[in-house]
Amino acid sequence: MEVMTHSSTFLLPSNHRSPSVTYALVVLNQPLLRFTPLLWNHGSVSLVALSFYLSLLACVSVTKFFFFGLGVCFVCRTAQVRVCADGGANRVFDEMPLLFPSDDALDVRQRYKPDIIKGDMDSVRTEVLDFYTNLGTKVADESHDQDTTDLHKCIAYIRDFTPNLDKSNLCILVAGALGGRFDHEAGNLNVLYHFSTMRLILLSNECLIYLLPSTYHHEIYIQSAVEGPHCGLIPIGMPSASTTTTGLQWDLNNTKMRFGDLVSTSNLVRGEKVTVQSSSDLLWTISIKACNG
Ligand SMILES: Nc1ncnc2c1ncn2[C@@H]1O[C@H](COP(=O)(O)OP(=O)(O)OP(=O)(O)O)[C@@H](O)[C@H]1O
Ligand SMILES: Cc1ncc(C[n+]2csc(CCO)c2C)c(N)n1
């Protein structure tokens, strides 16, 4: 069976991130995560650093370096997308300046401009829509669809309408998916299952969650500077007849899990690598350390 590897390098400073992964960010209508700027800027800083490094190697002039740097930034910006789900745009507008108290609020808002605001538009304020549309943000009003959530609409948009985005190794980070209303949380988890062939990661300030499809063996490389040790493996949707793990304090060995019987919560990662294989899809969750941001 094929191996799928996982690593939360998006929580690390830019120079430690994996260059092979393309990230997209969806901001939901929840208090902004303390590390939202880190997620938002994913890729651009490291590529600028790369351009600097390459420029040094090539001994090019300062002017050439400047244009090369711009070129790399441009490539990187088109390779990424930041989407606000409806009222998520209010959060970026209202709360991003609070994360930069010494900066001018207008300046911060211009720096952190969503590419698109999408949803049924019953939460985003008109002044916020006007502000961002004037800066060039696209708006997609899908108020006719009252059967799928705004998060669902945003993921479908990233999948179907971002031709410039490299989808070969795309990972979609969903900020603010947990810790709020339970119906919303359940809807957000359901999106993981609906788009189960895509890599989606639900994030709160305290933890992250993603799906481990049963069709792969999973290798999870723990970034212990920023995540763990608390973790869980949860069989939502259907029981798992057999799960086997390595690298956990309470490993499973061909173990059955189901709600009403055993589910693996309050487990601990022991080292740098966890492996999981299971007969059913499982949710993997791990705590995020308080030092990020
Ligand atoms: N309290 C919450 N907990 C978790 N996710 C949330 C919460 N509130 C909003 N979200 C997420 O943010 C998205 C956009 O939120 P928004 O409030 O704009 O949606 P909505 O469709 O107007 O919600 P509703 O009408 O059910 O209150 C939702 O689709 C959901 O994924
Ligand atoms: C069985 C069923 N339950 C709830 C809704 C309501 N609903 C689900 S997603 C959504 C959009 C939220 O932005 C709304 C209103 C429905 N349509 N069908």
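Two strands are said to pair if DSSP finds at least two bridges between them. The model is a predicted one, in which local features need pLDDT of at least 70 and side-chain atom pairs count only at pLDDT 80 or more, while totals for chains, interfaces and linings use all residues. Residues are numbered from 1 along each chain as its sequence is written, with chains lettered from A and ligands numbered from 1 in the order in which they are written.

Both strands belong to an open sheet of ten strands with mixed pairing, in the order S5-S4-S3-S2-S6-S7-S8-S15-S10-S13. At its edges are strand S5 (138-141) and strand S13 (264-268), each of which pairs on one side only. On average, neighbouring strands of this sheet are turned by 20 degrees against each other, direction ignored. Such angles are taken between axes, which are lines fitted to C-alpha atoms (for helices over the stretch in contact), and run from 0 to 180 degrees between N-to-C directions.

Helix H4 (residues 88-99) lies across S2, strand S3 (81-85) and strand S4 (116-119), and runs at about 105 degrees to S3. Helix H8 (residues 182-194) lies across S6, strand S7 (199-203) and strand S8 (207-212), at about 165 degrees to S7. H4 also packs against helix H6 (residues 126-134) at an angle of about 80 degrees, with the axes 10 Å apart. The two helices are therefore roughly perpendicular to each other, a term covering 65 to 115 degrees, whereas angles under 35 count as roughly parallel, over 145 as roughly antiparallel and the rest as oblique. Ala89, Asn90 and Phe93 of H4 meet Val128, Phe131 and Tyr132 of H6, where contact means C-beta atoms, placed from the backbone, within 7 Å. This contact has five nonpolar, one polar and no charged residues.

A second open sheet, of five strands with mixed pairing, has the order S1-S9-S14-S11-S12. Its edge strands are strand S1 (3-7) and strand S12 (255-257), and its neighbouring strands are turned by 30 degrees on average, direction ignored. Strand S11 (residues 240-246) pairs with S12 in the antiparallel sense over two bridges, and Thr243 stands opposite Thr255 in S12.

Two ligands complete the picture. Of the 21 residues around ligand 1, Asn29, Asp86, Gly87, Ser123 and Gly180 come nearest; a residue counts as near if its C-beta atom, placed from the backbone, lies within 6 Å. H8 gives the largest share of this shell, four residues. The shell around ligand 1 comprises four nonpolar, eleven polar and six charged residues, with Ala, Val, Leu, Ile, Met, Phe, Trp, Tyr, Cys and Pro counted as nonpolar, Asp, Glu, Lys and Arg as charged, and the others, Gly among them, as polar. Around ligand 2 are Asp120, Gln146, Asp147, Thr148, Thr149 and Asp150, a shell with no nonpolar, three polar and three charged residues.

Conventions
Two residues are in contact if their C-beta atoms, placed from the backbone, lie within 7 Å.
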